[in-house]
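Hi,

Here is the structure I promised to hand over. Please have a look at it first, and then read on for what I found in it.

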Amino acid sequence: MKLTLSSLAILGAALTQVTAQVPIGGQCGGTGWDGFSQLCADGSYCALITDDYFQCLSADTIQSKASISFILTTLPTFTLHPASPLPTRITYIPTIYPPTTTPCATVTSTVKVPVTTTVIQPTTITSTATITSVSVVTKTTEIIVTQSCSSTTVSPTTTTTKSTTTTSVITDPTQTTTITKSTTTTSVITDSTRTTTTTQTTPTQTTPTTTATPTTTTTTTTKTSTTTTTDRPCETNYPPDWAGQNFTYKGVNIAGFEWGCLTDGSCTYPNSPPLTSTADGPGQMQWFVGNGMNTFRLPIGWQYVTPALGGAFDPSEWATYDKLVQSCLAVEAYCVIDIHNYARWNGQVIGQSAVADAYFVKLWQMIASYYASEPRVIFGLMNEPYKLDILTWAQTLQKVVTAIRPIAPKNVILLPGIEWAHADTFISSGSAAALDAIINPDGSKTNLIFDVHQWLDKANNGTDPNCITDNVSVFAPLAQWLRCHGRQAFLSATGGGNDNSTNCNPLLCQQMQFLLANSDVFVGYTGWAAGSYDTSYILDETPTWYGYPWVDTPLVQSCLYWP
C-alpha cells in the first residue's frame, strides 16, 4: 500500500515530545531559521512546505496537503552521556542509516534511524510497504523501524505502556477480514560497539493472515521473533539545550619561550620570553582576563626545560618560565604548559626511535610534581605530533598519564593526535580511536581531553593570513564523534590574518560560533598567538600598548571574546 500522510501523522504523534516549542503556523526549519530550541507545539509537526522552509502544522493540515513529503520529529526520551536534557537543536535532515534497498514483497527489514531526529520519507518506501511497528530503544540511542510487506492494508497505531516498548498494530477498519492486535516488548543488550535487539510479539487475537519468512526473520500467525546484531556507528546527535551558553576555557597563546624550535624537534637559542616591556606577557594576560578570557597556553621548547635528554630542569630557564606561569595563575586563569617539540627530540620521534618513552615520562613527572598543587595548570603533553605511528604514540601518552596522574590527580591533561593534531584528520588518522583508549590509573577518563588544532587557510597550516573556510564541515563530524563517545576536545591553536582582505572576519567568527553552539564537546580554545609576536606576524593576536587601555587586534576583538 502507499504510506499515507495520515499514517505519517500518527507515527509522528507517537514519537514527538518537545520542550521549547513553536506555535502552529510558526517556522521550525529552513532558510532564516536560527536553529536553536524551536520545535513544534504539542499536536503539531514540523513539515517540509517548500525546498527550504519547514512549518509547524496540525495533523489535519498535513493530511490535506498532498505536497508534503517530510515530517520532522524527535524521540520522547533520550539520555546523553553525560546525562543532559532532551536535545532540541535540529539543523538539517539526516540520512536514514542504512538506506532501504531490499524488495518489499518478501522481506522484513530493520532500518536504524538517528536517535534525535526521525525523517519519514514515503518516497523511499515501496508502494506495498507498511510500517507495522515502531520500537523506541532509549538505551541504545536508536529506534528500529520494522517494515513488513503485506497485501493487506494496515494503518499503524502506536500506544505506550510500562513495557520498554509497546506497539499495537490494528488493520484498517474498512477491512472486514483481518483484525490483529499485539503487544511487543523489546529487550536490548548493548556494548560499546555492538547492539542486539530482540522483539517478541504475542498476539491476543488473530485471524489468518499472509505470512512471510525472510532469512533473517521468523514470522508466524502466532509468534514473531526478530534479532538484529550490527556494528553500531555513531548516531546523529545534537547539543543539549545548555550548550552555547559559554566555553569552559577561552583565551590565546602567549608565545615566545618556544621560539627557536623547529618541526624536527630541535630547539636552539635565542628564544624570546614574553617578559619584557615590549613583549609583556603578564600585562597581556591581565588585559585579556579583564575582557573575559580565562585561559592561556604557554609554549616552551623541551631543550630549554631540560638541556640534557632525561636531565634536570635548567635552573635559570625554568625559573624564568615559571614567572610567566605564576603571572598566569595570579590573574586566576587556566595555564596550559605546552611542550612545543612535535613529538621529537632533535629529529628523533619519542618512543619510536632512540629517544625512549622513559625520557618523556620523566619530563612530565618533573613538571607534574612542580605544579601538583595548582589545579588550574593544564598539562599540554605535546604540540603537533606528525609522521609517526598512532598506536605506538597512544601507548607513549598512556605511560605519561599513568605516571603523572598519582602525582597530580586533579589537573586536566591534553592528549594530541597525529598529523599535526589537526581536527580534520582526528578521526580518519586513527587518533580518535587510539586516544579514546587512554585511561587514568583508576580506569576513568576524567580530565583527559583531546588536544586539536585547526587553521582556516588553504593549506591548513597557519602559514597564510588569508582564510577560505569557517571549518564547520570539519568540526561538525568531530562533534558527532565526541558526543557519541562521551568525550571532549580543546582547540589549542587556531587563527588568521587581521586585514579585512583576508576574509578571516567573518570566517573565524563563524567557526567560533559553531564551536560555542557545541560547547558540550568543544570545551574551549586558545587563539594563535600573542606574547612576543607583533604586527609583523601574519597571525598576530598581541594587543598593542599605547598607554592604557591596550588595543586588541581586529580579529581578537571580533572573534575571540565570548561570553
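The axes of helix H6 (residues 357-370) and helix H7 (residues 390-404) cross at roughly 35° and come within 9 Å of each other. Please keep in mind that this is a predicted model. The crossing of H6 past H7 is right-handed. On the H6 side, the contact is made by Asp357, Phe360, Val361, Trp364, Gln365 and Ala368. They meet Trp393, Thr396, Leu397, Lys399, Val400, Ala403 and Ile404 of H7. By type, the residues of this contact divide into nine nonpolar, two polar and two charged.

H6 itself has 14 residues, and from its first C-alpha to its last it reaches 20 Å, close to the 20 Å expected at 1.5 Å a residue. Which residues of H6 are buried? They are Asp357, Phe360, Val361, Leu363, Trp364, Met366, Ile367 and Ala368. The cover over these buried residues includes H7, as well as helix H4 (302-305), H5, E19 and E22.

On to the sheet. Eight strands form a closed barrel with parallel pairing, in the order E17-E18-E19-E22-E23-E24-E25-E26. On average, neighbouring strands of this sheet are turned by 25° against each other, direction ignored.

Some of the pairings, in case you want to look at them one by one:

- Strand E24 (residues 448-453) pairs with strand E25 (residues 489-493) in the parallel sense, over four bridges. His453 has Ala493 in E25 as its bridge partner.
- E25 and E26 run parallel and are joined by three bridges. Here Phe490 has Gly524 in E26 as its bridge partner.
- E17 and E26 also run parallel, joined by six bridges. Gly524 in E26 turns up again, as the bridge partner of Tyr249.

How many of the residues of E26 are buried? Ten of the ten are, so this strand is largely enclosed by the rest of the structure.

H3 lies across E17, strand E18 (295-300) and strand E26 (522-531), and runs at about 160° to E17. Helix H5 (residues 315-330) packs on the sheet too, where it touches E17, E18, strand E19 (334-339) and strand E22 (377-380). The direction of H5 makes about 155° with that of E19.

A cis peptide bond joins Tyr269 and Pro270, with omega at about 10°. Pro270 sits in the loop between strand E17 (249-255) and helix H3 (281-290). Another cis peptide bond joins Tyr548 and Pro549, with omega at about 0°. Pro549 belongs to the loop between strand E27 (544-545) and strand E28 (550-551).

There are also positive phi values in residues other than glycine: Trp420 has phi near 65°, and Ala421 has phi near 60°. Trp420 is in the loop between strand E23 (413-416) and helix H8 (431-436), and Ala421 is likewise placed between E23 and H8. Are they buried or exposed? Trp420 counts as partly exposed because its relative accessibility is 29%. Ala421, at 1% relative accessibility, counts as buried, since the cut-off for buried is under 20%.

Best wishes

How values were computed
Residues numbered from 1 in each chain as written. Predicted model: local features only at pLDDT ≥ 70, side-chain atom pairs only at ≥ 80, totals over all residues. Heavy atoms only, no water. Helix = DSSP H or I, 4+ residues; strand = E, 2+ residues; numbered from the N terminus. Buried < 20%, exposed > 50% of the residue type's maximum accessible area, 1.4 Å probe, protein only. Pairing = 2+ DSSP bridges. Axes fitted to C-alpha atoms, helices over the stretch in contact; angles between N-to-C directions. Contact = heavy atoms within 4.5 Å. Left-handed = near helix turned anticlockwise from the far one by under 90°. Nonpolar A, V, L, I, M, F, W, Y, C, P; charged D, E, K, R; others polar. Expected span 1.5 Å × (residues − 1).
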